[in-house]
Amino acid sequence: MQKDTKKMYQHGTLALLVPGLYDGTQSIGELLKHGDYGIGTAQGLGGEMIVFDGVAYLVLNTGEVQVLTDDVLTPFATVHFNDENSATQTVSELDFKQLTQKILAQHAYQNIFFAVTLRGKFKYMKTRAVAKQAKPYPPLVAVADKQSVFEANETTGTVVGYYAPQLFEGMAVAGFHLHYLDDKHEMGGHILDFTIQEAKLSLQPFSSVEQHFPIEDPTFMQTDFELDGLSKQIRQAES
Ligand SMILES: [Zn+2]
């Protein structure tokens with residue numbers, strides 16, 4: 001099968017996590033048929049997932065990093081096939097906000113989904129990882145209050161993530177949503193901030209998005225998602 005590098009694939013939506021629908025509804029094995037790079041979470045909101053070179057890793061709130069086997073389930077994940085021919089540029093001495101401003105100043109990408117990959121050295125990296133939840137699942141804002149925060153200096157590794165236009169908040173995190181894993185597989189998670197020392201940046205714009213829904217999950221099918229306050233709760237939980 002031809003790998004479509006112009007398409008982003010997503011299982012579940014960010015909005016379904018907001019009221020606490022954390023049960024896994026797709027296997028990692030199935031997810032990886034749709035891409036070899038990406039981000040997400042695992043069963044029970046069990047940590048921060050990052051996928052690259054066809055391997056899915058999960059950073060737990062204990063700081064432990066696991067390689068996810070094909071049978072593990074996820075409620076929400078986004079993947080794409082990495083385009084090895086994407087142009088790369090070297091970036092240095094930028095923090096998270098400066099990098100995102102530079103990207104959007106250089107490219108007219110504000111209205112599309114695109115992938116961001118960074119490989120290299122970071123002077124500073126700050127991440128968080130959520131803790132696996134037990135039923136009855138609390139809402140996302142309550143979980144985010146109890147996340148672990150990790151900091152590292154002089155770390156080398158890989159950043160993978162996405163930009164979503166403001167219009168699609170709820171389906172995804174509007175703006176930039178990036179995850180990190182260091183080369184030693186000792187530090188990573190959902191990125192809160194960083195300072196790049198020197199890294200190779202590549203951007204992969206998508207002309208289409210495949211949004212896959214967990215239609216076998218009766219809880220998802222029957223939940224009444226409230227749009228009011230959704231954006232505020234996402235901001236609170238994701239930043
Ligand atoms: Zn995240």
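Gly40 finds its bridge partner in Met49 of β4. Helices (H or I, at least four residues) and strands (E, at least two) are DSSP runs here, numbered from the N terminus. The model is a predicted one, with local features needing pLDDT of at least 70 and side-chain atom pairs counted only at pLDDT 80 or more, while totals for chains, interfaces and linings use all residues. Residue numbers start from 1 along each chain as its sequence is written, and side-chain values rest on heavy atoms, with hydrogens and water left out.

Strand β3 (residues 37–40) runs antiparallel to β4, and 3 bridges join them; strands count as paired if DSSP finds at least two bridges between them. β4 also pairs with strand β5 (residues 55–59), again in the antiparallel sense, over 5 bridges. Phe52 sits opposite Val55 of β5. The β4–β5 hairpin has 2 residues between its strands, and Asp53 takes a positive phi near 50° there.

As for burial, 5 of the 5 residues of β4 (residues 48–52) are buried, meaning under 20% relative accessible area, with exposed over 50% and partly exposed in between (1.4 Å probe, protein chains only). In a regular strand, side chains alternate between the two faces of the sheet. Glu48, Ile50 and Phe52 point one way from β4, Met49 and Val51 the other, and all are buried.

Then there is the metal. His177 (NE2), His179 (NE2) and His190 (ND1) coordinate the zinc ion at 2.0 to 2.1 Å; donors are N, O and S atoms within 2.8 Å of the metal (3.2 Å for Na, K and Ca), and sites may look incomplete because water is not among the atoms. Along the chain, the zinc donors follow the spacing H-x1-H-x10-H. His179 belongs to strand β12 (residues 175–182) and His190 to strand β13 (residues 188–205), so this pair ties together parts that are 11 residues apart in sequence. Both His179 and His190 are buried.
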